[in-house]
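Please look over the sequence and the structure before reading on.

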Amino acid sequence: MTTALCPGSYDPPTNGHVDVIRRAAALFDLVVVAVVVNPSKQPMFDIDERLSLLERSLTGVPGVEFEAFSGLLVDLAGRRGADAIVKGVRVGSDVEYELQMAQMNRELAGVETLFLPANPEWSFVSSTLIREVSRLGGTVDRLVPVPVREALKEKLT
Ligand code: PNS
């Protein structure tokens with residue numbers, strides 16, 4: 001049985017995240033969507049909200065589990081017996097950032113990271129921009145899963 005981790009802050013999940021998780025689920029028997037408890041900044045959505053949004057955005061996709069984690073990602077990889085970490089990459093700056101983390105995780109625990117190129121449709125979409133645009137009154141409906149669309153409206157009205 002092959003297991004992959006798809007780690008992230010997911011504050012909030014975007015269509016780009018969902019696309020990468022679906023594609024990882026087609027490659028591995030089990031994908032553990034690992035949601036970091038304490039992103040560096042105060043999150044817009046707390047950990048329970050982020051887990052619930054992810055679960056509802058991926059309803060019906062087989063072989064996907066959701067788990068909150070704190071501490072080192074490689075420790076979670078060890079606990080779950082993960083064969084690989086899967087990350088989506090959108091643009092060159094993502095590759096630089098992700099490569100450094102991938103190399104550190106391999107140094108720490110020998111865990112490999114696989115990069116999936118983002119679907120170009122979502123390559124400009126980030127959680128940071130989704131939060132900023134929606135806080136300032138812009139429409140991000142096309143860029144996020146329906147449960148996130150509704151949660152943003154609720155949070156900001
Ligand atoms: O969605 P993000 O913010 O790009 O996710 C980053 C994340 C959560 C994958 C990364 O910060 C992480 O792995 N954090 C856990 C702590 C850790 O293991 N740090 C060392 C990484 S080399």
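At 1.5 Å a residue, the 13 residues of α1 should span 18 Å, and the 19 Å between its end C-alpha atoms agrees with that, the expected span being 1.5 Å times one less than the number of residues. Helices here are DSSP runs of H or I with at least four residues, strands are runs of E with at least two, and both are numbered from the N terminus. The model is a predicted one, in which local features need pLDDT of at least 70 and side-chain atom pairs count only at pLDDT 80 or more, while totals for chains, interfaces and linings use all residues. Residues are numbered from 1 along each chain as its sequence is written, and side-chain values use heavy atoms, with hydrogens and water left out.

At the start of α1, the backbone nitrogen of Gly16 lies within 3.2 Å of a side-chain oxygen of Thr14. Buried residues of this helix (under 20% relative accessible area, with a 1.4 Å probe and protein chains only) are Asn15, Gly16, Val18, Asp19, Val20, Ile21, Ala24 and Ala25. Their cover includes the strands β1, β2 (30-36), β3 (64-69), β4 and β5 (112-117), together with α2 (47-57).

The pockets come next. A pocket is an open set of points on a 1 Å grid over the protein atoms alone, where a 1.4 Å probe fits and protein lies on both sides within 12 Å along at least five of seven lines; lining residues have an atom within 4 Å of a point. Grid points are joined across faces, edges and corners, and the volume is the space filled by probe spheres set on the points. In the table, Ala, Val, Leu, Ile, Met, Phe, Trp, Tyr, Cys and Pro count as nonpolar, Asp, Glu, Lys and Arg as charged, and the others, Gly among them, as polar.

| Pocket | Volume | Lining by class |
|---|---|---|
| Largest | about 1,200 Å³ | 21 nonpolar, 15 polar, seven charged residues |

Of the 43 residues lining the largest pocket, Gly8, Ser9, Lys87, Tyr97 and Glu98 are the closest to its centre. The elements giving two or more residues to this lining are β1 (3-8), α1 (15-27), β4 (84-89), α4 (92-109) and α5 (127-135), with the largest share, eight residues, coming from α4. In the second largest pocket, the largest share of the lining, four residues, comes from helix α6 (residues 146-156).

Glu98 belongs to helix α4 and is buried, with a relative accessible area of 8%. Apart from neighbours within four places in sequence, Glu98 is in contact (heavy atoms within 4.5 Å) with Lys87, Val89 and Phe115.

Definitions and conventions:
Buried < 20%, exposed > 50% of the residue type's maximum accessible area, 1.4 Å probe, protein only. Polar contact = N/O pair within 3.5 Å; in protein donor to acceptor, adjacent residues only side chain to side chain.
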